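Subject: The structure we talked about

Hi there,

Here is the structure I promised to send over. Have a look at it first, and then read on for my notes.

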Amino acid sequence: MEQLAHQQAETLAAIAAAASADALETIRIAALGKQGWISALLKTLGAMTPDQRSVEGPRIHAARESVTAALAARKADLENAELEQRLARETIDLTLPAPERPRGSIHPVSQVMDELAEIFADMGFAVASGPEIEDDWHNFTALNMPETHPARAMHDTFYFPDQDAAGRSMLLRTHTSPVQIRTMLAVVEKNPGGAPLRIIAPGRVYRSDSDATHTPMFHQVEGLVIDKGIHLGHLKWTLETFLKAYFERDDIVLRLRPSYFPFTEPSVEVDVGYTLVSGKRVLGGSEGWMELLGSGMVNRKVIEMGGLDPDVWQGFAFGVGVDRLAMLKYGMDDLRAFFDGDGRWLAHYGFGAGDVPTLSAGVGTQAGARA
Ligand code: PHE
């Protein structure tokens, strides 16, 4: 068995001299591969007498062990050496000034929409969307506002002068509620029996109106839940849970007042309580009330327009101004400034790209502390 000692020494020497991972692999195959010399020796064990085997077995195994260990050790050495070389090569001069790049910021409206998506995702809501150039049917008729309905007049709608190719009157959507119809119809198309759904639909809406608290374009977020056995209690719980998470306060108190929207029945206007702290209104408590959003149980006629059977499916919906939510949380007082595109306003109220709202870190905590 001089032969084994000799081959083992040769292999170990080759390993020590190997200069690359590839060279090591070649050596490994020659020794331990299917056709390798150690594998060949292992195969001879079967033909030996028991006495012979008890002597040769341990020797061959020991050779295999030492070659395997040497391969692993050399591989680690080579890797370390390469890392050392790279670290030596890749230097950076920390005394150089960082390159000056124009730094943008996230608009508060985008930030708040991300916060809303985060909060509602936790309650099982998906984000839906619809077109800003809408047709009369989705924006009004399907929401229980036929052509002669007086509520249409209250919307200060921007109409397009011409009808579209299909003869529909087109307009800039006056609210996000048409997304309710689009979402229901899309669900029914996929599943004619209908299906429960929970969505929020944030987006731009348009009304011909302009002063300190109104801009011709503003943002709303629509909420819609359709399921079996849905009642006002679900609506109130959802809004309370949402507003507590959004304003990051547990003492948010809601007041529901009867109201009227053609697409909900009953309809409720939701007020949120505030407390006066050195003359300033701070949300929470119930010293005074401010109007926050419109909502209600989805009108049976709207559920029908959405292609669902109102005897089977019920739901609630709400619509709230995103800009207003941003103003209340981050302390801005003029809505028009939102859309002036003034870099100074954005630098002051904007959010860094790293201020990603998450429930675990607090939605908007970092920037909230700044405002
Ligand atoms: N679409 C209504 C508005 O713009 C708000 C609303 C949405 C009310 C959903 C009830 C239900 O004023």
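This is a predicted model: local features need pLDDT of at least 70, side-chain atom pairs count only at pLDDT 80 or more; totals for chains, interfaces and linings use all residues.

**Layout of the chain**

**The ligand site**

The shell around the ligand consists of 14 residues, and the closest of them are His175, Ser177, Arg207, Gln220 and Glu222. Sorted by class, this shell has eight polar, four nonpolar and two charged residues.

Histidine 175 places a polar side-chain atom 3.0 Å from a nitrogen atom of the ligand. Arginine 207 has a side-chain N or O atom 3.0 Å from an oxygen atom of the ligand. For glutamine 220, a polar side-chain atom lies 2.9 Å from an oxygen atom of the ligand. On its own the ligand has 320 Å² of accessible area, and the protein covers 91% of this.

Which strands supply at least two residues each to the shell around the ligand? They are strand 5 (217–227), strand 9 (288–298) and strand 10 (314–321). Strand 10 gives the most, with three residues.

**The second largest pocket**

I also looked at the second largest pocket, which has a volume of about 160 Å³. Its lining is made up of Met123, Phe125, Arg198, Val225, Asp227, Ile230, His234, Trp237, Thr238 and Phe316. In terms of class, six of the lining residues are nonpolar, two are polar and two are charged.

Strand 5 turns up again here: strand 5 and helix 8 (232–247) each supply at least two residues of this lining. Helix 8 has the largest share, at three residues.

**Two backbone details**

Most residues other than glycine have a negative phi, and most peptide bonds are trans. Two places in this chain are worth checking against that background.

Proline 266 belongs to strand 7, residues 264–277.

The other is aspartate 156, which is not a glycine and yet has a positive phi of about 45°. Aspartate 156 sits in the loop between helix 6 (136–139) and strand 3 (170–172).

That is everything from my side for now. I would be glad to hear what you make of it.

Best wishes

How values were computed: Residues are numbered from 1 along each chain as its sequence is written. Side-chain values use heavy atoms; hydrogens and water are left out. A residue is near a molecule or strand if one of its heavy atoms lies within 4 Å of it. A polar contact is a pair of N or O atoms within 3.5 Å; within protein, one must be able to donate a hydrogen and the other to accept it, and residues adjacent in sequence count only if both atoms are side-chain atoms. Accessible areas come from the Shrake-Rupley method with a 1.4 Å probe; for residues, only the protein chains shown count as cover. Helices (H or I, at least four residues) and strands (E, at least two) are DSSP runs, numbered from the N terminus. Ala, Val, Leu, Ile, Met, Phe, Trp, Tyr, Cys and Pro count as nonpolar, Asp, Glu, Lys and Arg as charged, and the others, Gly among them, as polar. On a 1 Å grid over the protein atoms alone, a cavity is a set of points where a 1.4 Å probe fits but cannot get out, and a pocket is an open set with protein on both sides within 12 Å along at least five of seven lines; lining residues have an atom within 4 Å of a point. Grid points are joined across faces, edges and corners, and a volume is the space filled by probe spheres set on the points.
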